[in-house]
Amino acid sequence: MKFKNVAAVGAIALVSAIALSACSAATPESTAAPTPTAAAFTIDPTLAGTITAGGSSAQANAEAAWTAAFTAVASGVTVNYDKSQGSGGGVTNWLAGSYDFAGSDSPLNQDNQTKSQAICGAGGALNFPVYLSGVAVIYNLPGVDLKLSSATLAKIFMLQVTTWDDPAIAADNKGATLPSTPITVVTRSDGSGTTANFTNYLSQVQPAIFTGTPGSAWPIAGTSGQQGGSGVVNTVTAGAGTIGYADHSSIGTATAAAIQSGTGTDFVSYSPDAATVAFEAAAVPAPLTDGDLSKKIDYTKISGADSYPIPLLSYAIACSTFADPAQAALVKSYIGFIGSDIGQKVAAKNAGSAPVPASILADFTASLDLIK
Amino acid sequence: MFGNDSQRPAKENSVSTNETVSPSAAALSAAGDSATGPRSPKGAGPARVKIKSRPADRIFFGLSFGSASLIVVILAAVAIFLIIKAAPAITANWKSDASLAEGPTAGYADFWSYVLPLVWGTLWASAIALLIGAPIAIGIALFISHYAPRRVAGVLGYLVDLLAAVPSIVFGLWGIIVIRPLLLPLSDWLNQNLGWIPIFGGQVSTVGSTVLAGSVVLAVMILPIISSISREIFLQTPRLNEEAALALGATKWEMIRLAVLPYARSGVVSATLLGLGRALGETMAIALIISPSIIFSLRILTEGENSQTIAANIALNFQIADGLQRQALIGTGLMLFVISLGVNLIARFIVVRTGPTATRKGKRRPPEGVTIPAASTAVEATALGKAGNSHTEGARA
């Protein structure tokens with residue numbers, strides 16, 4: 001994927017743009033703002049073969065959009081992304097050698113990184129942050145534009161604040177009329193990357209209040225657990241005085257609260273750009289191996305009115321060394337496309353995700369060069 | 001256990017054989033049953049010699065024998081799979097293992113502290129479902145077999161069987177959208193007036209994802225199994241017993257109490273246990289409806305204190321689990337397998353133990369006159385094979 005001549009780049013970028021507009025024709029709202037620093041990328045139309053992948057259902061819609069755009073140019077390529085497996089299943093199947101790459105809401109842990117050497121050789125695996133969104137805090141309290149400080153949010157989800165007219169909520173929402181009805185906290189009953197992001201956020205930002213173990217399973221007993229992001233959204237929407245969390249791209253018509261950014265007085269509603277800015281500030285490189293782009297999200301570094309405090313990240317995980325060089329070239333090209341400016345725009349338009357910051361996408365090229 | 005299972009098809013045959021007494025059916029059952037030896041001395045011997053000479057019969061015997069052995073092989077394969085996959089998680093040190101310290105298995109001291117609340121939750125939700133469902137199912141069966149006019153009975157029986165064909169995901173959605181809000185007023189009332197009873201206590205749910213809602217849906221799901229088997233059993237009550245009771249001046253209810261219920265007791269118990277088996281393994285409806293916690297809780301009206309069931313827990317967490325977490329979930333599946341096996345064993349034990357009573361009654365039954373309707377669903381056919389054991393043995397003795 002070297003740029004041999006400018007005309008070809010231009011032509012293919014044009015083709016990609018056509019593919020992009022074709023994909024996005026059905027979605028009315030345009031969420032992506034044009035980013036000035038474009039990580040240009042070309043898809044080689046002569047590529048052929050099949051990419052088999054699977055895992056995270058959070059990035060499934062984005063994967064579908066990427067696949068459509070990618071195969072519109074490289075028509076000889078088939079991409080199968082199996083979202084039924086979830087992040088855990090994606091990594092398990094990938095470690096078993098069934099997938100070319102895995103979609104996962106968390107990067108590989110050290111244990112799995114060591115295991116990956118069995119299929120990837122000594123170089124191990126590379127984690128690429130490909131999908132960015134935000135965890136939305138949704139609620140059903142008609143007539144109230146809810147603002148929540150991180151402390152109040154943690155108290156609500158720790159079940160320490162149990163009615164809507166609690167002084168803590170009233171302090172965040174001066175002038176709002178809050179009912180005295182009880183708060184029903186709705187969480188995920190199934191294991192989920194959204195829960196992992198949200199619990200990590202709460203326990204990092206408010207460690208003294210939120211004492212649950214952060215992870216993919218909701219740690220606090222006593223909440224209303226619902227299956228899937230859609231289960232949470234439906235229950236919050238149907239109930240009265242409910243509050244829950246979900247990937248922003250899947251909340252539909254539910255109302256999302258503005259969350260305190262950092263420790264200041266800014267309450268920020270979700271927008272893709274706010275998630276991008278926040279993630280850029282919070283992403284701490286945590287490479288497991290040379291060229292690995294794993295990020296540890298330090299939520300405490302997020303502040304300011306232009307940052308949404310709870311970004312949500314999902315990864316594509318691939319080997320540094322493939323058994324078949326042709327397959328390596330194929331996967332390299334596909335992940336390269338995902339990590340390009342145009343790839344991120346495709347996902348933003350079709351799957352409602354936020355673009356991964358350009359500064360992080362810039363590292364993709366060097367890491368992709370390691371894939372052999 | 002395995003041997004018994006492989007004989008089941010033969011027993012089904014013999015149930016119908018005993019009623020219709022058609023020579024061809026008798027020969028068929030004898031041919032398929034050569035593993036257990038000749039059943040009726042007359043007719044089976046010569047027929048067998050003749051049949052053995054024909055290749056088609058040998059092929060058919062081979063196929064049916066293969067099918068029968070396949071059950072044993074599959075059951076053994078499942079058991080071996082569960083044990084092998086679960087062993088590392090059961091024996092692992094849960095406190096020090098990095099993989100088990102995160103995800104769905106985070107925060108448990110060992111495998112047993114993870115699985116025992118799930119076992120409790122499974123039994124608890126099923127028990128409530130049974131408590132709600134079994135009396136209604138038996139009522140339906142009695143109405144169809146003894147009260148309803150023939151035409152109504154036929155339609156009603158058909159409708160109950162139809163209920164068995166509704167997929168569990170549909171029941172789950174129905175539970176979420178219809179049953180959940182429907183039960184909220186009842187939950188409030190029970191909590192306010194009977195909240196001093198532990199099972200109705202706690203912070204009453206505002207959303208409705210309670211054990212009560214889940215159990216009501218479960219009860220509807222086990223209704224067809226229990227009622228269609230019970231109905232067949234009730235229909236087999238010897239007409240003479242019923243007439244004798246009526247002749248002694250019994251009312252219809254007294255007749256049912258004196259003649260029908262004692263006769264059908266073991267069959268109804270095993271029907272109920274089969275329903276329990278269904279309830280124990282039910283996944284989707286529970287996963288969708290109940291808001292779960294992995295705790296020991298009696299409460300059925302709360303949002304946050306519902307004991308989770310094994311099957312729903314696997315369904316909810318398998319996707320995110322990896323490595324040892326997956327194996328821990330498979331380990332809980334092994335426990336469910338053991339529980340189901342236990343329930344089936346108990347069902348068989350009850351049938352066998354109460355068998356002699358049924359045998360004596362069976363002898364007094366007139367050879368013709370009691371008509372047994374053909375089993376109308378696969379569920380029923382299997383169930384008849386199980387529940388009909390007592391009658392088979394009665395006829396054999």
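The model is predicted, so local features need pLDDT of at least 70, side-chain atom pairs count only at pLDDT 80 or more, and totals for chains, interfaces and linings use all residues. Residues are numbered from 1 along each chain as its sequence is written, chains are lettered from A and ligands numbered from 1 in the order in which they are written, and side-chain values use heavy atoms, with hydrogens and water left out.

## Where chain B meets chain A

The contact takes 27 residues from chain A and 24 residues from chain B; contact means heavy atoms within 4.5 Å. Together the two chains bury about 2,000 Å², and 48% of this lies on carbon and sulfur atoms. Buried area is the accessible area (1.4 Å probe) that two parts lose on being put together, summed over both. Of the area that chain B buries against chain A, 28% is supplied by B:Leu316, B:Gln319 and B:Ile320, more than by any other three residues.

Between chain B and chain A there are zero salt bridges. A salt bridge is a side-chain nitrogen of Lys or Arg within 4 Å of a carboxyl oxygen of Asp or Glu.

On the side of chain B that touches chain A, the elements giving two or more residues are helix 11 (284–289), strand 1 (292–293) and helix 12 (310–317) of chain B. Helices (H or I, at least four residues) and strands (E, at least two) are DSSP runs, numbered from the N terminus. Helix 11 of chain B gives the largest share, three residues. By class, this side of chain B has ten nonpolar, nine polar and five charged residues. Here Ala, Val, Leu, Ile, Met, Phe, Trp, Tyr, Cys and Pro count as nonpolar, Asp, Glu, Lys and Arg as charged, and the others, Gly among them, as polar.

## The two domains of chain A

Chain A is assigned domain 1 (9–133 + 314–368) and domain 2 (135–276); such bounds come from an automatic or database domain assignment. The centres of these domains, taken over C-alpha atoms, are separated by 30 Å. In chain A, 14 residues of domain 1 are in contact with nine residues of domain 2. The area buried between the two domains is about 870 Å², with 50% from carbon and sulfur atoms. The count of salt bridges between them is zero, and four residue pairs are in polar contact, both residues at pLDDT 80 or more. Strand 4 (residues 125–140) of chain A gives three residues, the largest share of the side of domain 1 that touches domain 2. That side of domain 1 divides into nine nonpolar residues, four polar and one charged.

## Salt bridges

Over all chains, the whole structure has seven salt bridges. The table lists some of them.

| Residues | Closest N to O distance |
|---|---|
| A:Arg188 and A:Asp190 | 2.9 Å |
| B:Glu232 and B:Arg231 | 3.4 Å |

A:Lys115 and A:Asp111 are separated by about one helical turn because they are four residues apart in helix 4 (residues 110–120) of chain A. A:Lys115 is partly exposed, with a relative accessible area of 42%, and A:Asp111 is partly exposed at 40%. Buried means under 20% relative accessible area, exposed over 50%, and partly exposed in between (1.4 Å probe, protein chains only). A:Arg188 and A:Asp190 are both buried, and B:Glu232 and B:Arg231 are buried too. In chain B, a network of salt bridges links B:Asp161, B:Arg231 and B:Glu232.

## Around A:Arg188

A:Tyr245 lies in strand 8 (residues 242–247) of chain A and is buried, with a relative accessible area of 0%. A polar atom of the A:Tyr245 side chain lies 3.3 Å from the backbone nitrogen of A:Arg188. The A:Tyr245 side chain also makes a polar contact with the side chain of A:Thr195 (2.9 Å).

A:Ser192 is placed in the loop between strand 6 (184–188) and helix 7 (193–205) of chain A. A:Ser192 is buried, with a relative accessible area of 3%, and its side chain makes a polar contact with the side chain of A:Arg188 (3.4 Å). Not counting residues up to four places away in sequence, A:Ser192 touches A:Ser216 and B:Ile320.

Technical notes:
A polar contact is a pair of N or O atoms within 3.5 Å; within protein, one must be able to donate a hydrogen and the other to accept it, and residues adjacent in sequence count only if both atoms are side-chain atoms.
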